[in-house]
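The following exercises are to be worked with the sequence and the three-dimensional model at hand. Each task is followed by a solution in steps.

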Amino acid sequence: MFNGPLRANPIKVIEEKDNLYLYIVETNGLFQIDDTVLEICRSEGKKVEEIYELLNHRSTKEDVDSLLTNLETASVIQFDDSSTNEVFHNYTDEKLSISSIILMLVQECNLRCSYCYGGDGEYNDKGRMDTETALRAVDYLFDQSGEEEELNICFFGGEPLLNFKVIKEIVAYTKTKQKSSNKKVTYSMTTNGTLISKEIEIFLLDHHVSTQISLDGDRETHDYNRYFQNRKGTYDTILKKTKNLREKGGLTARATVSPVQLNITHTFTHLMEIGIHNVAMYPAVEMLNEEDFEKYASEFTKLVGYFESLIQAKQYRDARQISNILKYLRMIHSSSTRHYFCGAVSHMLAVDVHGNLYPCQRFVKEKNYSLGNVKDGLNAKKKSDTLSELRLEMRTTCADCWAKNLCGGGCPQENLVFSGSINKPVDKYCNFIRSEIMDCLKLYLRLTEEDKRNLFPAKRQQKPILEDVSIGN
C-alpha cells in the first residue's frame, strides 16, 4: 500500500494560539495538526515499517495507516518516487479565451510622478489611440472571448481622460455589440483624477465605470511624488475634482508606498475618511531599500492588527476595503493552486496606441513582448512562449519558497526591470511578501466562522479529507 520511502511535499508549520497548523505549499491547504502528524511530516526518507515503529508508543498500526492515507490524499506526503512537479507542455494549442482588455488610450500624461514605471506615461512610444484602433480592439475582445459571458474593458494610460472622446465612442459601440451577443461588458478605469469634469463624472456614473484614482495618502505624502509638470502637487486638485464621486461612493484608490510614508494604516484611514471605499497599496520597489522594507513589513503587521480590530467590532464592510489583506485571506480561504501571478496572456491582454497586443499594460514599453496586433491577432508561437515563461513553475528561484502559491512569484514585468528576468523576483521584496503572507495566514487562523461568513461569499464544499481550516462551508 505504501511503497518506497516517505516524501513530504513542501509544507510550512505554523504555530498560533498554542495550536499547530500545516500549510501545504502546492495547494494552499491549511490544516490543524497534532504532534503525530508533525512527526510523520518530519520522517522524510523513512519506510512505512520505520514509521510504525516510530509511532507504536502512541498509535496502532491501523490508526497510522488511516492517517497516512489521509495525509497522502491531502497531498501532504507520498510514498512513491514519482515527481510531484507538473510536466510542462507547449501552450500553442491551448485555447485562449480573453475576458479583459486594457486599452492604452493615451501614452502620455499631464503629470510627472517620480516613480512612474511608464516613463511619464509614454512607454517609450508617445501617442493617442484613434477611434478605428479602439473599436477594432473591442471587436478583438468579443471575437476572442469564446464562452466567456462577462467581459471587461479597462481604460488606461498615461492619463486616459486625455482621450475622453474615444472612451465615449468605445462605450457606445460596445453597447451595440452586446445586443447581438450573450456578452455582458463592464468598464473600469485608472486615472490620476485631475481631469474629471462634471460631464465626465456623469458619464462614469451613468455607465457604471469602476474608477480607481491614484492617490498616495494625505497631502504631504501624495504631493511628494505626484505632481504636475511644474512640480505643483496634485492632492488639492484631485480632491476638488472627485468630491461628488467620493460622496457617492464611486471611487477606489491605488496608493503607491514610498519611503516618505510607510505608515500604511495612516494612509488607509486617511483615504477612507475622505470617501474612498476600497484601497490597494503597493510599494515603489525601486525607491525602498532593505531597511525601508523591514519597516514596511512592521507597518503591515500593524495594518493587520487594525483589520482585526475592525473584525472584532463587527465592522466587516470597513475591513473588506483593505484589499491588500483581503486578497490573501480569500486565496487562503479558497485553498486553490496558482499557476500565474496574474491574468496576463491567460485571460487578459493590453492594447497599445497602435493596436499592438501585450501581456499587460506594464509590458507595453517592452517591445520584445509584443504578441501581435488586433488586426491580425496573436502570434501563436509568441503566445505559447510567453505563457510558458509566465508560469509560476518556471520561477526556479521560487521553487523552495513556502509562500510561492500565495505570492505568485511577483509581478513578471517588475522582476524583468529590477533583476533582468521575469522569473527572478527582487530579494528585498520577497522577504517583505513572506512576512505579510505569514501575518495573513495567522490572521485567518484567528477568524471565527462568523467572521468567515461575513468576509467571504458562501460556497458549497465537500467535507475535506482533513479538517481544512482554509475552506469555508
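**Exercise 1. A crossover unit and its neighbours**

Determine the handedness of the β-α-β unit made by strand 9, helix 6 and strand 10, and describe the pairing of its strands.

Solution. The model is a predicted one.

Step 1. Helix 6 covers residues 198–206, and together with strand 9 and strand 10 it forms a right-handed β-α-β unit.

Step 2. Strand 9 (residues 184–191) is parallel to strand 10 (residues 209–214), and five bridges connect the two. Within this pairing, Met189 has Thr211 as its bridge partner, and Ser188 stands opposite Ser210.

Step 3. Strand 10 also pairs in the parallel sense with strand 11 (residues 251–257), here over four bridges. Thr211 is bridged to Leu251 of strand 11.

**Exercise 2. The other side of strand 9**

Solution. 

Step 1. Strand 8 (residues 150–157) runs parallel to strand 9, with six bridges between them. One of the bridged pairs is Ile153 with Tyr187 of strand 9.

**Exercise 3. Packing of two helices**

Describe the geometry with which helix 4 and helix 5 pack, and list the residues that meet.

Solution. 

Step 1. Two packed helices are described by the angle between their axes and the distance between the axes.

Step 2. For helix 4 (residues 131–143) and helix 5 (residues 164–179), the angle is about 35° and the axes are 10 Å apart. The crossing of helix 4 and helix 5 is right-handed.

Step 3. Helix 4 contributes Thr131, Ala134, Leu135, Val138, Asp139 and Phe142 to the contact; from helix 5 come Lys165, Val166, Glu169, Ile170, Tyr173, Thr174, Lys177 and Gln178.

**Exercise 4. Two residues compared with the cut-offs**

Classify Thr174 and Asp236 as buried, partly exposed or exposed.

Solution. 

Step 1. A residue is buried under 20% relative accessible area and exposed over 50%, with partly exposed in between.

Step 2. Thr174 belongs to helix 5. Its relative accessibility is 0%, so Thr174 is buried. Beyond residues up to four places away in sequence, Thr174 touches Val138, Phe142, Ile153, Val185 and Tyr187.

Step 3. Asp236 is located in helix 8 (residues 235–241). Because its relative accessible area is 44%, Asp236 is partly exposed. In sequence Asp236 is 62 residues from Ser298, and their C-alpha atoms are 30 Å apart.

**Exercise 5. The nonpolar cores**

Which residues of the largest nonpolar core touch the most other members?

Solution. 

Step 1. In soluble globular proteins, nonpolar side chains tend to be buried together.

Step 2. The largest nonpolar core has 116 residues, and Ile153, Ile170 and Ile325 touch the most other members. Helix 17 (residues 427–446) gives the most to this core, namely 10 residues.

Step 3. Apart from neighbours within four places in sequence, Ile170 is in contact with Leu103, Leu105, Ala134, Leu135, Val138, Ile153 and Phe155.

Step 4. There is also a second, separate core of 22 residues, including Leu22, Leu55, Val64 and Val76.

Technical notes. Residues are numbered from 1 along each chain as its sequence is written. This is a predicted model: local features need pLDDT of at least 70, side-chain atom pairs count only at pLDDT 80 or more; totals for chains, interfaces and linings use all residues. Side-chain values use heavy atoms; hydrogens and water are left out. Two strands pair if DSSP finds at least two bridges between them. A crossover is right-handed if, with the strands pointing away from the viewer, the path from the first strand over the helix to the second runs clockwise. A nonpolar core is a set of buried Ala, Val, Leu, Ile, Met, Phe, Trp, Tyr and Cys residues joined through side-chain atoms within 4.5 Å. Buried means under 20% relative accessible area, exposed over 50%, partly exposed in between (1.4 Å probe, protein chains only). Contact means heavy atoms within 4.5 Å. Axes are lines fitted to C-alpha atoms, for helices over the stretch in contact, and angles run from 0 to 180 degrees between N-to-C directions. A crossing is left-handed if the near helix is turned anticlockwise from the far one by less than a right angle, and right-handed if clockwise.
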